[in-house]
Amino acid sequence: MRTMSASLQAMYASRTHRRARCLWVVLEDGTAMGFTDHDQDLVIDMADISDVPLTFRADLGVLPSDVSTAVGLEADNFEVTGPIGEAVSRVQLIGRRFNRAQARLFEVDWAQEFPDINPILAGQITDVQMMGG
């Protein structure tokens, strides 16, 4: 069973939706990157992983797909697509730099000064592919 914060429940119950999905990725070499599907960068205090607020960049064009959750031993999963710019290069993808990176996908109410973090998935990146040319 998945739970969500009272503030997220209230937002879903209202007519105004102010949610944004955020993806935090930490590569095996310790490099960390934050992405969001919001139209502006978001700075979020994630005290459980950092002493300073983290920036989730909106200018990269990240579009997370629907999240697929499983029951039993099957894996939960989701896809992230988009022209993610200078954050990910062809050389990095071919070199498999993102494989085995740790990832967290969550939602926030971007209008809150200190938004609640509502986890969706957390785990390891198992496959990264370049689509098209």
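Modeller: In this predicted model, R19 and E107 form a salt bridge, with their closest N and O atoms 2.7 Å apart. R19 lies in strand β1 and E107 in strand β7, so the pair ties together parts that are 88 residues apart in sequence.

Biologist: Which residues are linked with E107 in a network of salt bridges?

Modeller: Side chains of opposite charge can pair when their charged atoms come close. Here R19, R21 and E107 are linked in a network. R21 forms a salt bridge with E107, the closest N and O atoms being 3.7 Å apart. That pair also links distant parts of the chain, with R21 in β1 and E107 in β7, 86 residues apart. R21 counts as buried, with 15% relative accessibility.

Biologist: How many bridges join β1 to β7?

Modeller: Eight bridges join strand β1 (residues 19-26) to β7, and the two run antiparallel. R19 stands opposite D109 of β7.

Biologist: Which strand pairs with β7 over six bridges?

Modeller: Strand β8 (residues 118-124) does, again in the antiparallel sense.

Biologist: Why is β7 described as largely enclosed by the rest of the structure?

Modeller: Six of the eight residues of β7 (residues 102-109) are buried, so the strand is largely enclosed.

Biologist: How many salt bridges does the structure hold?

Modeller: It holds four. Among them is the one between R100 and E28, at 3.4 Å from N to O.

Conventions
Residues are numbered from 1 along each chain as its sequence is written. This is a predicted model: local features need pLDDT of at least 70, side-chain atom pairs count only at pLDDT 80 or more; totals for chains, interfaces and linings use all residues. Side-chain values use heavy atoms; hydrogens and water are left out. Buried means under 20% relative accessible area, exposed over 50%, partly exposed in between (1.4 Å probe, protein chains only). Helices (H or I, at least four residues) and strands (E, at least two) are DSSP runs, numbered from the N terminus. Two strands pair if DSSP finds at least two bridges between them. A salt bridge is a side-chain nitrogen of Lys or Arg within 4 Å of a carboxyl oxygen of Asp or Glu.
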